[in-house]
Structure formats: C-alpha cells, structure tokens
Amino acid sequence: MDFGAAMFFTDYSMTPVELAQALEARGFESVWAPEHSHIPSTRKTPPASGGELEKRYYDVMDPFVTLTAAAMATKTLKVGTGVCLVIQRDTIQTAKLVATIDHVSGGRFLFGVGGGWNQDEIEDHRTVFKTRFKKMREQIEAMKEIWTKSEPEYHGDIVDFPKMRTWPKPVQKPHPPVIVGGAFPHSARRAIRYGDGWIPNASRAHYADVTEFLPQFRQMAAEAGREEASIPVTIWGAPDNLDRVKRYCDQRISRVVVSLPSAPSAEILPTLDRWAEIIRKSAN
C-alpha cells in the first residue's frame, strides 16, 4: 500500500518544494494539491464537512503550478491533483496541462478529478450546476481522445470540438490515471465508468467507516466488467492510527492520503515523522 499527503498550498503554508522533499525522504509515494479558483462571498451550498469554510479554501494556490514545483524538486515522488475541478476548466487547455506536467515530471502525474460542491463557484465559470457531472464525464472522454490520438475529435452534448492536432501526448500510456473523487455510490459509479481509480473521503461525517462500501463497490465493478486491479481505491483523510492503516492494507486499499493543515514546516514535520514510523511499521 502506498502513502500520500495532501495540502492546500498557500502563501503561509509549507512550500510545495519543502513538503515534496520531506515526503520523499520519509517514504511517501505522492503529494496531492486540491483546487478552488475562488470562493464567492455568497453561499448556496455549505461545506461537506459542515460549519464555516476554512480560510485555506479562499487562499489555495493553483495545483498545476504547485505540483510542477514539487515535481522539479524530487526524483520519484508522484504528484497528484486532489482534486482538479475539471468542470471549471477548459477541456482542451486542461488536456494540454495534464500532458505537459506528465512530461515535466517524467510520467509521475496522477489526475484526481471531481465535480465540486460549491454551486456559486461552479456557476461563476458558466457551468450548469445540475449537469456538472455529465460535463465532467464528457470532458474526461474528450481528454482521452486528445491524449491518445494524433487527430482527435469529440462530439458530446456539452463538450464538442472538431478534429484537431495538439501535443504533447502524455508520457504515461495510454494517459495518466484518472482517479475520480467523491462519495458512494454516485462517484463510485463514475469511477467504474470512466476512471482508473476511486477516492472516497474517510473524514466525511456520513461515513461510519468509509470501507464499509468496499464489497458493494467491488461487486459493482465486477458487474461492469472491471477487474479490481484496474480501479484501485485511495482513502482520503486517513487517520493517524497504525492498526487502522494495517486494516486498510488487509482490505486491499491501494493508497492512503494524509490531509495536512496549511501550516509551516515547524508544525508539519513532526506529523510527517509520525507517519514515517507508521509507514515503516505497516510494511512489517
């Protein structure tokens, strides 16, 4: 089982370079960066975690820029969006961004995607909130055409473009893994339909235990003709608990991701040291 860590990179947090190097030195597999273009002052939808929205949501930097910095400062650490709000981005330009960072990182990019929750933010990008998941599916299907064909075209209800020529193509073949984030059962179905992995969040209040859905998820995947190995599960927000981490391993979880606060290195490094010990002990 692999271990990753996620941070909302801000101008007051540990830098992407500092965190990436610290993670690589401690045996982590990946670093993840979330995305919010902005947070409107209005509020149609509350945060999934409830309560007031944390300041870091307003302050978070662009994930493709921070992850490029992390990739340049490391040799083996994978870099992932956790998650990229593709429904707020241009499809063609995002396909080029993904292919470019995959090249710059030497094939170390993980494309975590999601449809978002903040209706105000989403609608500011002229995306229809109710049909955002249909748009996301069409965007991913269209990007796969761009990444894998010399003269791609795509004709959907929302995403539509004629034949084009665009490079680079990704280093990873056929493309970087598309890992779909979100709750069971809807995002699980999306992951099975067009993803290369699923990311449920262990910290959500409506989960007593996020892994209670694993048997259903794997049955759904089997019924859709997907091999378990083709759609690995990443647990987001893993607890700092060795026994629970070992159980994740026993449950054939592919990766766990630690959610870190937007804080300087003096606060973060002790947490990483504790996780380094968990990583070491879980391998025994």
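Contact is taken here to mean heavy atoms within 4.5 Å. In the predicted model, Ala 188, Arg 189 and Ile 192 of helix H7 meet Phe 217, Met 220 and Ala 221 of helix H8 in this sense. The crossing in which H7 passes H8 is right-handed.

The secondary structure of the protein consists of ten helices and ten strands. The radius of gyration is 18 Å, close to the 19 Å that the globule rule gives for 284 residues, and the protein is therefore as compact as a globular protein of that length. Along the principal axes, the C-alpha atoms fill a box of roughly 50 × 45 × 40 Å. Among contacts with a separation of 6 or more, 71% join residues 24 or more positions apart.

Of the 284 residues, 53% count as buried. In soluble globular proteins, nonpolar side chains tend to be buried together. The largest nonpolar core of the model comprises 69 residues, and Leu 19, Phe 28, Val 31 and Phe 111 have the most contacts inside it. Helix H6 (residues 132–148) gives the most to this core, contributing six residues. A second, separate core has seven residues, among them Ala 6, Leu 110, Ile 179 and Trp 236. When neighbours within four places in sequence are left aside, the contacts of Phe 28 are Phe 3, Gly 4, Ala 5, Leu 23, Leu 77, Val 258, Leu 272, Trp 275 and Ile 279.

How values were computed
Residues are numbered from 1 along each chain as its sequence is written. This is a predicted model: local features need pLDDT of at least 70, side-chain atom pairs count only at pLDDT 80 or more; totals for chains, interfaces and linings use all residues. Side-chain values use heavy atoms; hydrogens and water are left out. A crossing is left-handed if the near helix is turned anticlockwise from the far one by less than a right angle, and right-handed if clockwise. Helices (H or I, at least four residues) and strands (E, at least two) are DSSP runs, numbered from the N terminus. A nonpolar core is a set of buried Ala, Val, Leu, Ile, Met, Phe, Trp, Tyr and Cys residues joined through side-chain atoms within 4.5 Å. Buried means under 20% relative accessible area, exposed over 50%, partly exposed in between (1.4 Å probe, protein chains only). The radius of gyration is taken over C-alpha atoms; the globule rule is 2.2 Å times the number of residues to the power 0.38.
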